[in-house]
Amino acid sequence: MDTFTLTNQQGLSAKITNYGGIVMALYVPDRSGQLDDIVLGFETPEEYLHPHPYFGALIGRFGNRIAKGKFTLHGIEYTLVQNNGVNSLHGGLKGFDKVIWDAKPTDTPDGPALELTYLSPDGEEGYPGNLLVKVIYTLTQQNELKIDYTATTDADTVINLTHHSYFNLAGAGNGDILDHELTLNAARFTPIDETLIPMGELRPVAGTPFDFSRPTKIGLRIDEPDEQLKYGLGYDHNWVLNNSADPLTLAARVSEPSSGRIMEVWTTEPGIQFYSGNFLDGSNIGKGDKVYQHRYGFCLETQHFPDSPNQPNFPSTVLKASQTYHSTTIYKFLT
Ligand code: GLA
């Protein structure tokens with residue numbers, strides 16, 4: 001396992017390991033220029049071998065859930081490991097978060113970058129096709145962590161790649177994220193059943209605790225007696241991003257009042273999973289011996305909608321042997 005540190009001209013830095021493509025640390029300035037590490041995680045790559053909830057990791061082949069660990073493609077049924085109750089989550093038992101990637105640091109006109117490649121063999125975790133994946137992390141001179149995903153396959157398959165950093169803009173381990181103000185550029189979300197699988201409906205957020213179309217504190221409505229919040233134990237849902245003419249859309253904006261830090265999320269993906277760290281329970285002790293308690297971090301996972309292989313009305317996640325998969329997500333930092 002190796003680690004690489006990217007530093008841009010403004011002094012932002014990202015520490016990344018080739019184990020799972022995990023972003024182990026991300027230092028960004030607050031309103032007075034003070035740098036703080038704003039992602040949950042551990043000090044050494046080896047610590048990520050112990051159980052943890054996908055801190056900072058690349059997720060594949062399929063981010064989010066596939067119902068009952070089964071899908072059918074061209075009439076053939078594929079069976080995946082049910083590693084999340086009855087469902088398959090985040091690529092299975094040994095997803096892209098737990099493999100060693102080939103890593104190559106490079107300097108690009110945008111800023112320092114790390115190029116990660118991984119060849120997932122045909123049948124790995126039950127998915128068809130030899131899938132060649134390339135992920136480029138760039139720490140741009142505009143204070144962005146940019147993630148470019150590319151993949152090709154030699155047989156038709158399904159794919160949904162994402163990134164699973166837990167952010168706390170007040171600094172990792174410094175309290176919960178309930179005072180962060182979130183805006184999501186989404187008028188609808190995909191309501192889920194009790195196993196967190198979408199029911200197929202694109203439901204308007206208006207008048208519900210899922211309406212983040214204006215800046216709203218994450219904690220304001222999180223404990224309301226709402227069936228959807230009950231199923232997710234808080235927020236753990238996919239929002240349907242509003243269409244824009246530009247393929248790279250502003251999906252989310254988060255601001256943290258005490259530090260003045262702001263994060264924007266831009267993506268070419270149609271959806272975003274907002275997860276409010278509901279399963280964090282103090283069992284992970286992170287950098288600087290800080291204990292990650294309930295809702296100490298949040299994730300904004302850009303993606304295609306959960307369970308797409310089984311949902312004919314959702315945008316397709318099929319990658320054909322003749323095609324190249326490409327998606328881009330940018331986490332941009334401002335004050
Ligand atoms: C995803 C899921 C959550 C949870 C976390 C990891 O974000 O949607 O339900 O499983 O990963 O704990």
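1. In which loop is R61 found? R61 lies in the loop between β5 (57-59) and β6 (65-66); strands here are DSSP runs marked E of at least two residues, numbered from the N terminus. A cis peptide bond joins R61 to G60, with omega at about -5°.

2. The model is predicted, so that local features need pLDDT of at least 70 and side-chain atom pairs count only at pLDDT 80 or more, while totals for chains, interfaces and linings use all residues. Residues are numbered from 1 along each chain as its sequence is written, and side-chain values use heavy atoms, with hydrogens and water left out.

3. K68 is found in the loop between β6 and β7 (70-73). Although K68 is not a glycine, its phi is positive, about 55°.

4. The ligand sits in the largest pocket. A pocket is an open set of points, on a 1 Å grid over the protein atoms alone, where a 1.4 Å probe fits and protein lies on both sides within 12 Å along at least five of seven lines; lining residues have an atom within 4 Å of a point. To sit there, a molecule must have more than half of its atoms within 2 Å of the grid points.

5. Which side chains make polar contacts (pairs of N or O atoms within 3.5 Å) with the ligand? Among them is R65, with a polar side-chain atom 2.6 Å from a ligand oxygen. A side-chain N or O atom of H164 is 2.9 Å from an oxygen atom of the ligand, and for H90 the value is 3.1 Å. Taken alone, the ligand exposes 300 Å², of which the protein buries 95%; such areas come from the Shrake-Rupley method with a 1.4 Å probe.

Conventions. A polar contact is a pair of N or O atoms within 3.5 Å; within protein, one must be able to donate a hydrogen and the other to accept it, and residues adjacent in sequence count only if both atoms are side-chain atoms. Helices (H or I, at least four residues) and strands (E, at least two) are DSSP runs, numbered from the N terminus.
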